[in-house]
Amino acid sequence: MSTPQSRTPQEVFADHGRRLGTGDLDLISENYAEDAVFVTPEGVLTGRAGVREGIGRLLADLPDAEWHLTPQFAGDVLFLQWAATDGVHEVTDGVDTFVFRDGLISAQTVRYTLTDRTA
């Protein structure tokens, strides 16, 4: 088993995806540095508590969604374009940036437009 410091950004991101699938915000936040920043158009959330809040909003917006990801890694940075759909909502313009440090996520930006599929 690898220690957090020995994981590559690709390994961290793969683990992040597995943890997101559980919906367990505490488990998900363990992949983030204790001093992580989570930046959204609404503001900056800090620490693992901020990560839990920000990801909680995303998961609440898109419960049981089907995700389509297009990751582009450049060293310790990941640019992620994504789309997601569930029974009611969809996102077609999701964009995140991740910064990795010591086998954890140290920063993430999140931006997406949630639209109603039933309208």
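Modeller: Here it is; note that this is a predicted model. In strand S4, residues 77–85, the side chains alternate between two faces.

Biologist: Which side chains in S4 are buried?

Modeller: Leu 78, Leu 80, Trp 82 and Ala 84 point to one face and are buried.

Biologist: Why do the side chains alternate?

Modeller: Because in a regular strand, side chains alternate between the two faces of the sheet.

Biologist: What does S4 pair with?

Modeller: Strand S3, residues 66–74, pairs with S4 in the antiparallel sense over 9 bridges. Ala 74 is opposite Val 77 there. S4 also pairs with strand S5, residues 89–101, again antiparallel, over 8 bridges. In that pairing, Thr 85 has Glu 90 as its bridge partner.

Biologist: How many residues sit between the strands in each hairpin?

Modeller: The S3 and S4 hairpin has 2 residues between its strands, and the one joining S4 to S5 has 3. Gly 75, in the turn between S3 and S4, has a positive phi of about 65 degrees.

Biologist: New topic, aromatics. How many aromatic pairs are there?

Modeller: The count is 6 aromatic pairs. One of them is Trp 82 with Tyr 112, a tilted pair with 5.4 Å centre to centre and 55 degrees between the planes. Trp 82 is in S4 and Tyr 112 is in the loop between strands S6 and S7, 30 residues apart.

Biologist: Is Trp 82 buried or exposed?

Modeller: Trp 82 has 5% relative accessibility, so it counts as buried. Tyr 112 is at 21%, so Tyr 112 counts as partly exposed.

Notes:
Residues are numbered from 1 along each chain as its sequence is written. This is a predicted model: local features need pLDDT of at least 70, side-chain atom pairs count only at pLDDT 80 or more; totals for chains, interfaces and linings use all residues. Side-chain values use heavy atoms; hydrogens and water are left out. Buried means under 20% relative accessible area, exposed over 50%, partly exposed in between (1.4 Å probe, protein chains only). Helices (H or I, at least four residues) and strands (E, at least two) are DSSP runs, numbered from the N terminus. Two strands pair if DSSP finds at least two bridges between them. Rings of Phe, Tyr and Trp (its six-membered ring) pair if their centres lie within 6.5 Å; planes under 30 degrees apart count as stacked, over 60 as edge-to-face and the rest as tilted.
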